[in-house]
Amino acid sequence: MKQLSTIFLALLFMLPFAANAQTISGKVMSEEGDPLIGATIVVSGTTTGTITDVDGSYSLKVKAGVLTVEASYIGFESQTNNITIAEGQSMTWDVTLVEGLTFADVVVTGTRTAPRSSTSTPLPIDVVGSKELAMTGQNSFDKALTYRIPSFNSVNTPVNDATSLLDPYEIRNMGPSRTLILINGKRKNTSALLYTQTSPGRGETGADISAIPQGAIKRVEILRDGASAQYGSDAIAGVVNVILKDDAENGSVTVSGGLTSEGDGETYGIMLNNGSNLGKSGFINYTIDFSRRDQANRPGVVDAEGEAGDFGADIADVQAFLAMMPDAGNINGSPETTSAKAAINFGNKVSLNTELYGNAAYVYKKVNSFANYRTPYWRTLDDFPYLADFFPNGPNGEYVGYVPTFDGDLNDYNATLGFKTEKNDWLADVSFTVGGNEQTYLVRNSHNRNNTLNPDGTNKYRENSPLIFDVGGTRFTHAVGNIDVSRRLSDKVGIAFGSEFRSETFTVIEGSESSYEDGGPDSFSGNDPRNSGSFNRFNFGGYADIALDLTDDFLINGTIRAENYSDFGSASVWKVSSRYKFAEDKVTLRASASTGFRAPLLHQIYTQKAQYSFVPGSGIQVGGLINNVSREARLLGLPSLKAEESNNITVGVGIRPNYNLSITLDYYNISVTDRIILSTEIGATDAGDTALDAILSANNLSDLSFFVNALDTRTSGIDFVANYKGLELGKGSLGLNLSANYTLQNERDGEVKNPTLVEQAGQTVSNATQEALFFTSRPKFKVIFGIDYAVDKFSVGLYNTVFGPTEFRQQGLDPGLYTEFATKVVTDLNLNYQMTDKIGIGANINNLLNVLPEWEFKADAGSEALLNDAAFLKTQSNLITFNQRYSQMTYDGYHFSQLGTIFNFALNVQL
């Protein structure tokens, strides 16, 4: 069998060469005689093509006959040539391209010098086009990437409060803070949101990529390698570079809608993308996108015995309530979301050697979600008699509990203005970028239940409490200036250098007094003025880069970078990468080694708040998150945060036997030192007389948590990507793609670095629950296999995404147990029909077979007997699902959507 597999692969590899025995070769040059690196040569009407190399040369194998061959390059007018080529013939076509309509040219991620193809680059880069994103049928950019890039993961969080505005995402299971987001090569601002729930992404944040309108995207380049030397902080796991559309001629309007197979989660949307000439030599492209998604609810059936035990309630009262509301009134799944998005991209040549460029985007998003339902045996009339007047929402106007609502408003913007100029062969790119993200929250249908008294002795809250609370929010802004200079010294040597200045401001917006005093509303505490304010820092950095083509086949690239931050000090990093091509440039060996860093987020340094969280067996409790510059931190002896440091190694091979077939295989190994985490909840000591106990008692907190450089970690794995397009099948064309990511290692390296006070209390800042979130809460492997077929006006795509197992060790779970979400295959179907030259319709059935996440208990070695105790397992299940409210995914998370089958439809009209 192994021999047959080897023979089959060899035949597959050799097949493309047999069909194209004729060769067209030559060079593509500018009018000044400079080689155009990365110019495209393609046979019109086919998928046969290639890209020029460092000296502008190319070689293209074609079929015999009469061919129309086109040469094109960014910023130059394309040129075509009708060529007749006989069997076995080789011929030369040298091309001189003339500068034409120019714009801010596409940034090739991961290099500061010459652009290169994904198989010949020394770095692993995925390129996903706008059509591929649209064919996923996903309603947001982050979810579309999840179903196209195996190493990229994002899923809705189980608890829909502030986190419903932005779901955590990550590359290579390393957390959202270690992936850098670029827009046309310029840094995008991070979100104002800090994830503090016990779910993947805990203690981190990232840029809001879900805010980017998909209709504005031309393509996405994903660098799966450390890139701190090129781009600075955050680029430890990789870089996502979003390239905006630059089409000045074409436009379209798309009307879309959808719903789940359960009949909820309805979506409605309209998107306009259009372009126009800007003067004689420029362009402008703009996108407007309005959409709405209704709530989709997937609660579990609540267990009466678990409820009675947790809340000390009479079992008969619990059963009576659950007979009326089997799900205890809980609402969880996908929240109601309304958004308005706009983006613009433009460029214009203002002189012979200079062009002006810019882009801007804005999004407004409103989310309506819910806290856990407060049942009448949880918030009882014995304790809160006034609730009968506040919430008479039973069938006969009686009190049957209440559900606090959470309204979130998000505003996100980014804008870049810059110019590129050339003088004496020096290329300079000067730009200024601003961006910001603000999230504010409103809690409704709740009350402040605390016993604060007015001067006259009456209750300030309780029966006098408001029902609506402005709990404040957070804001993050940055301003970034970049100067990048490069020059091709010869056909063998390219250099680049530049600098970046960045100013960042994080603001905690205070809530109204009733939202924070004595804990605030029952569900989400507002920002206390003592914890609010604006906090700023700035940094200045510079880099130098050299690319050496030692031969036509052998490339070495080196980069060094140094940065200084106003708050924590300096960092210096480097990167070396290399590539060697052979077998007539059809095989590329590549490798890179680098160091990197991630500066502590301002969010992590300055966030301090009361935090409502689920404690197994005790329901919702109020803990405290203290920051590292506070009085409490000094009392506890907490150290100041410092930068994370990383070491990255990547080794891979790229194979491109012809234009239709490409294969890449890469191994990566990433070590992180002093990884910043949000600690587990640290509770009172047994002695009860430490500084920790005093802080908990004084603030009426059950526990507290904080940020700390606590872990050294190591992550390694393998990425595989294979694409074969242009296979003739009947009258149509078939494309196949297979990609995969497999995590070999993702774990703590060494002991936890506990602060002294925590160590003395016999506790730890990183327990099994935390480490499962860090290391095993994303799929151990993910495989995507897609088939695309197009014939005449019809196209169909069938995609299977294999989500590998994930493991959680939820808080309160017996130490001998853990939960494992089973490997599942999610199948998506895409159908498109071009009715006329201007009108097309499309349909997506996502999760065609209605596959849902499933988990089960697993036991560590020596604890297998626990799996045979049904009563014990039921108790454990209740602990981690809040008595089955979150039975589908537990309280900590899951590995893909729990919504099941989703139908989406779209009508596209070309303008």
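Which residue forms a salt bridge with K63, and how far apart are the closest N and O atoms? The partner is E728, and the closest N and O atoms of the pair are 3.6 Å apart.

**Confidence**

- Where pLDDT is low, the predicted coordinates should not be read in detail.

**Salt bridges**

- The structure holds 53 salt bridges, one of which joins K63, in the loop between β4 (57–62) and β5 (65–72), to E728 in strand β36 (residues 707–729), 665 residues apart.
- In that pair K63 is partly exposed, with a relative accessible area of 45%, whereas E728 is exposed at 67%.
- E336 and R292 meet through their side chains in a salt bridge with an N to O distance of 3.5 Å, which links strand β21 (residues 336–349) with strand β18 (residues 282–293) across 44 residues.
- E336 counts as partly exposed at 22% relative accessibility, and R292 counts as partly exposed at 33%.
- R487 forms a salt bridge with D425, with the closest N and O atoms 3.9 Å apart; R487 lies in strand β25 (residues 468–488) and D425 in the loop between β23 (405–423) and β24 (426–444), 62 residues apart.
- A network of salt bridges links E500, R502, E504, R537 and D567.

**Backbone with positive phi**

- N184, although not a glycine, has a positive phi of about 50°; N184 lies in the loop between β12 (179–183) and β13 (186–187) and counts as buried at 14% relative accessibility.
- D674, likewise a residue other than glycine, has a positive phi near 60°; D674 is placed in strand β34 (residues 661–678) and counts as buried at 12% relative accessibility.

**An open sheet and its helix**

- An open sheet is formed by 3 strands in the order β40-β41-β44, with antiparallel pairing.
- Because β40 (806–808) and β44 (855–859) stand at the edges with a single partner strand each, one side of each is left without a neighbour in the sheet.
- From one strand to the next the twist averages 35°.
- Strand β40 is joined by 3 bridges to β41 (residues 817–821), and F808 stands opposite T819 in β41.
- Helix α14 (residues 870–881) lies across β41 and β44, running at about 120° to β44.

Definitions and conventions
Residues are numbered from 1 along each chain as its sequence is written. This is a predicted model: local features need pLDDT of at least 70, side-chain atom pairs count only at pLDDT 80 or more; totals for chains, interfaces and linings use all residues. Side-chain values use heavy atoms; hydrogens and water are left out. Two strands pair if DSSP finds at least two bridges between them. Helices (H or I, at least four residues) and strands (E, at least two) are DSSP runs, numbered from the N terminus. Axes are lines fitted to C-alpha atoms, for helices over the stretch in contact, and angles run from 0 to 180 degrees between N-to-C directions. Contact means heavy atoms within 4.5 Å. Buried means under 20% relative accessible area, exposed over 50%, partly exposed in between (1.4 Å probe, protein chains only). A salt bridge is a side-chain nitrogen of Lys or Arg within 4 Å of a carboxyl oxygen of Asp or Glu.
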